[in-house]
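Open the structure in your viewer and keep the selection tool at hand. This tour goes stop by stop: select, look, move on.

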Amino acid sequence: MQMRHCLAALTPLVFALSANAGTTPVVTIKSELAAPVILENTQDKNYVKVSLTGFSLETQKRSPINLSLVIDRSGSMSGDRIEKARDAAIMAVNMLDSNDTLSVVIYDDTVDVIVPAAKVKDKNKLIETIKKRVHARGSTALFAGISKGIHQVSKYLDKEQVNRIILLSDGQANVGPSSVSELSELARIAAKKGIAITTLGIGEGYNEDLMAAIAGYSDGNHAFVEKPSDLEKIFAKEFGDVMSVVAQDVEVIIELANNVKLVRLLGRDGEIKGNKASVRLNQLYSNQEKYVLLEVIPAKGTHAETKPFVEVNVSYDNLSTKKKDTYQKALPIRYTASAAEVKSAVVEEVLADSAIQSMALENERAIRLMDEGKMVEAKEVLNKGARSLEALPISSPAAKQKVQENVSQNDKLIERMGKEDAVSSRKALKEQGYNTQMQNKK
Amino acid sequence: MAVGKQNLMLKRKPRSLLIAVAVMFTVVGLIAYFGFRTLEHEVLLRHYQAQTLAQTRIAQAGTFVLNWLEQRAVRFDALMALTTYDDSALKAVIEKDDDIESVFVLQKNRLHYPNERQLLTQKEQDWVRLIMPIVHDPSLLHGHNIKDEQQAPSAGWFIVNETQEPVLIYWRNKGGNSVGFRVSYIKLLSDIINAADFDFGNDLLEIKENGRLLYQSKTFEQLGRMEQLGALHLPYPLSAWQIEYYGRPTNALIVYGWGGLFLLALMTIAGLIVFRFYREYTQTARLAQQQVGFVSQVSHELKTPLTNIRLYAELLKEDLSGSSEEGLRYAEVIVRESQRLSRLIQNILTFTRAPKLNIQPIELHTFIQKIADGFMPSFQAKAMSIVVNMPQQLSIHSDVDRLTQIISNFLSNAEKYAAAGKRVELTVDSQAEHVDIAVRDYGVGIPEKEVKMIFQPFYRVKSAITEGVAGTGIGLTIARQLAESLGGEILVSHPVPGVQFILRLKQSGKPFASEGGLK
């Protein structure tokens, strides 16, 4: 019933987004500086933001999906969890159509491909198989499970469809390679093939660092499914994402002009070489903004001088036109003696995003403190982050709202830490941090 | 006739039980021994087969893993031959090739790629740090691949296990350059997990890397009580990999259990068969014993009236002497036949019951003469003569009845079978050690090959002479047994014509080999 509800919720969303049909759909790319005008002879931190917003998608035109569901059926999944996982898998079957490819992998200490990758034709038969085969037992061979998922998706790998693995697990990896670095490497291999892995951690037993890393390196989503009953909702959201992929294999290259110093990437990770940063995104979703944020220190300049500052290059596979689109833009920086002019030129949203990402990094530190058992200090860090974010001098309603959302999230977390055990709040914190860094819908 | 036979069997009874038991034990023992050996062999064979199978399958899995490396090596060789070693080409290789993570090119022992003089990404910097030892000493690469002392190899695998994730490199020398591709170790693990698909029924194969389970041909739950049947460490560079094979242990218990049951059944059957034979045998023996008892009883009952008949016949003969020729002849016949009958009965009784040994000094001259006289009438009736030839003074210690019976048996044989010879010589010859009492006839003699047989009970020489002559066939048997009981022996010699039986007794020695019983 909940499943149907979710489907109903999705449909109007997709309709509403199909407004600009007719024109060639392209990803909206904006390159901005937090402070495009700066005071002469100063070297304050500045931020370059390249935001990408997926175009609206026509209902009939969503890209085919090549999905592999990888379901943990270790002993701990028994009861509610495996039941909900089974329901979620059945929901997945119902949401796909005959253009899509589905495979279902279940694993404990060994891996079974219960539905080998194939077009979704006979839904009833698939549902029967899932009902019959998805049961809990054994221990957790996470590495092998994902490997099989990658293998299944690879069989029908196509750049023009959405290639994705959804991993449902409540456990630690305890059979085969199990370290974060090894599974990250596996996720990187998946990413290299253009496969994103979404990791859904159920309950309090899973390793959130591992699950977030897998999602992170392959640019999938990561969610903490606190109660098994939430699974369908989260699954529906995931499907909303998967079905609204408009661009894949996105590469953003930001090259700074000479004398501009690259400090770090905020949020998404990427590769830095000298003063060139390149970031890969596996996909862009319809009407969702993803961005790359770079912290830089500008060169000194004199009043009224305009210098070239940064050059942005973006390329992506447009799933709608099935072509590779490119975008190029050079941003200059202007120097002034007037502080008022500087202030009026500030792009508040970029400022807000950079502050939010900085806070996300601080929140990571809070997790480490929690791991050391320093709950009070961790709360302090969260609180300090929220307060300094709150104090950000911004006035635009959009930026304010964004900031306020993050502040209240941190506040909620602090409240939660007071009430619940560390395990659960750590998972929530990790999930929130992940979503902030990847600019996922929360 | 039946009497003697049954009696003989009777005497063997305790021995026959012993033999039966011995045969039974031997048969059962042999079955048990060979059966057990067969079972043992079967168990060993099964074990060996299981192990051979395990080895084959392990080797199969090993080849499967090593094939991955081999295939990559072949592909990389081709790729290395085609790729030019400039930055962009190499970058494209890293970018596009799923298997290749990083590349290095050494030119004249200097790192040509990644070029340290250019800006490097974090990943490239890490890579350069990892391969620094190789840059300093490229011979590290083929340190593990040396097959031929003279010639350093020109390509091969290299692995460093020191880091968290092993660094697996395929390298090749080309011109003055060394090119190396770092292969994603995780990709290797993932590919092996994906491609491994073994189904060994109830048996289980595991591929492990550094003790970590990568692949299992069957789920752990079903593992149960399995036993490792074999294991294999893969060669360099995958020396950390192990393939293990598990199977149900050869169930020796089942083999031994069922085999043992079968053997037990077999032994029981064999035992029953032996027992049945023994039962049949002892039953006959028991019957015979009863019959012998009966005959012995009857013979004993006959003895008393016969003695009276003989006594009165002899009295009658004496009364008639000198009177009616006819009457005297009749009386003589009665005396003769009654003597014969009493000898016969004596023989039967001797055979069935052992009379007590009664040793006393015997004056041989009168003793022999008396026996000869006793036989005279019947010999005369057949126109035969007895010639007694002996020294005047000779006495020995012996049993009168037994001695009489032996000599009578000899004479009775001569009378029956050598009547054609007309003459029988009864000779006593005293030597230093022994005394020989010989009875020689002039009949047709006995073929030498039959001499041994004549002492066996109920054996009778088959010839025209024995044809139609009544005889029990136990005379000589008894004679020999009696002779032995007296510590003497019976010898047979073959003078021409005829045959000579000699009773050889120890010279006045006191013969007491036995208590007088017949063996």
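Helices and strands here are DSSP runs, a helix having at least four residues and a strand at least two, numbered from the N terminus. One caution before the first stop: this is a predicted model.

**Stop 1: a loop in chain B**

Select Pro114(B). This residue sits in the loop between E2 and H4 of chain B. The peptide bond from Tyr113(B) to Pro114(B) is cis, with omega near -5 degrees.

**Stop 2: the sheet beside that loop**

Stay in chain B and show strands E1 to E5. In what order do the strands of this open sheet lie? Read across, the order is E2-E1-E5-E4-E3, and the pairing is antiparallel. Go to the edges next. Strand E2 (110-113) and strand E3 (155-160) of chain B each have a single partner strand, so one side of each is left without a neighbour in the sheet. Neighbouring strands are turned by 30 degrees against each other on average, direction ignored.

Zoom in on one pair. Select residues 100-107 for strand E1 and residues 177-183 for strand E5, both in chain B. These two strands run antiparallel and share seven bridges. Pick Val103(B) and look across to E5(B): its bridge partner there is Phe181(B).

Helix H4(B) lies across E1, E2, E3, E4 and E5 of chain B. Its direction makes about 50 degrees with E1(B).

**Stop 3: another cis bond**

Select Tyr236(B) and Pro237(B). The peptide bond between them is cis too, with omega near 5 degrees. Where is Pro237(B)? Look in the loop between strand E8 (227-233) and strand E9 (241-247) of chain B.

**Stop 4: a mixed sheet in chain B**

Move along to strands E11, E13, E14, E15 and E16 of chain B. They form an open sheet in the order E11-E13-E14-E16-E15, with mixed pairing. The edge strands are E11 (385-389) and E15 (489-493) of chain B, and each pairs on one side only. In this sheet, neighbouring strands are turned by 15 degrees on average, direction ignored.

Select residues 434-441 and 500-506 of chain B. These are strands E14 and E16, paired in the antiparallel sense over seven bridges. Click Ala438(B): opposite it, in E16(B), stands Ile502(B).

Helix H9 (residues 364-381) of chain B lies across E11, E13 and E14 of chain B, at about 170 degrees to E11(B).

**Stop 5: a hairpin in chain A**

Switch to chain A. Select strand E15 (residues 306-318) and strand E16 (residues 323-336). The strands run antiparallel, and 12 bridges join them. One bridge pairs Asn313(A) with Gln328(A) in E16(A). The two strands form a hairpin with four residues between them. In the turn, find Lys322(A), which has a positive phi of about 55 degrees.

Three bridges join E2(A) to E16(A), and here the strands run parallel. Leu39(A) has Thr336(A) as its bridge partner in E16(A).

Next, select Asn287(A). It has a positive phi of about 55 degrees although it is not a glycine. Asn287(A) is placed in the loop between strand E13 (276-285) and strand E14 (289-297) of chain A.

**Stop 6: salt bridges**

Asp371(A) lies in helix H9 (residues 348-371) of chain A and Arg426(A) in helix H12 (residues 422-437) of chain A, so the pair ties together parts that are 55 residues apart in sequence.

**Stop 7: where the chains meet**

Show both chains. Here 24 residues of chain A are in contact with 30 residues of chain B. The chains bury about 2,300 Å² between them, 54% of it on carbon and sulfur atoms. Four salt bridges run between the two chains. Select one: Arg280(A) with Glu95(B), the closest N and O atoms being 2.8 Å apart.

Finish on the chain A side. Helix H4 (142-155), helix H5 (180-192) and strand E12 (271-273) of chain A each give two or more residues to it. The largest share, six residues, comes from H5(A). By class, this side has seven nonpolar, seven polar and 10 charged residues.

Note on methods
Residues are numbered from 1 along each chain as its sequence is written. Chains are lettered from A and ligands numbered from 1 in the order in which they are written. This is a predicted model: local features need pLDDT of at least 70, side-chain atom pairs count only at pLDDT 80 or more; totals for chains, interfaces and linings use all residues. Side-chain values use heavy atoms; hydrogens and water are left out. Contact means heavy atoms within 4.5 Å. Buried area is the accessible area (1.4 Å probe) that two parts lose on being put together, summed over both. A salt bridge is a side-chain nitrogen of Lys or Arg within 4 Å of a carboxyl oxygen of Asp or Glu. Ala, Val, Leu, Ile, Met, Phe, Trp, Tyr, Cys and Pro count as nonpolar, Asp, Glu, Lys and Arg as charged, and the others, Gly among them, as polar. Two strands pair if DSSP finds at least two bridges between them. Axes are lines fitted to C-alpha atoms, for helices over the stretch in contact, and angles run from 0 to 180 degrees between N-to-C directions.
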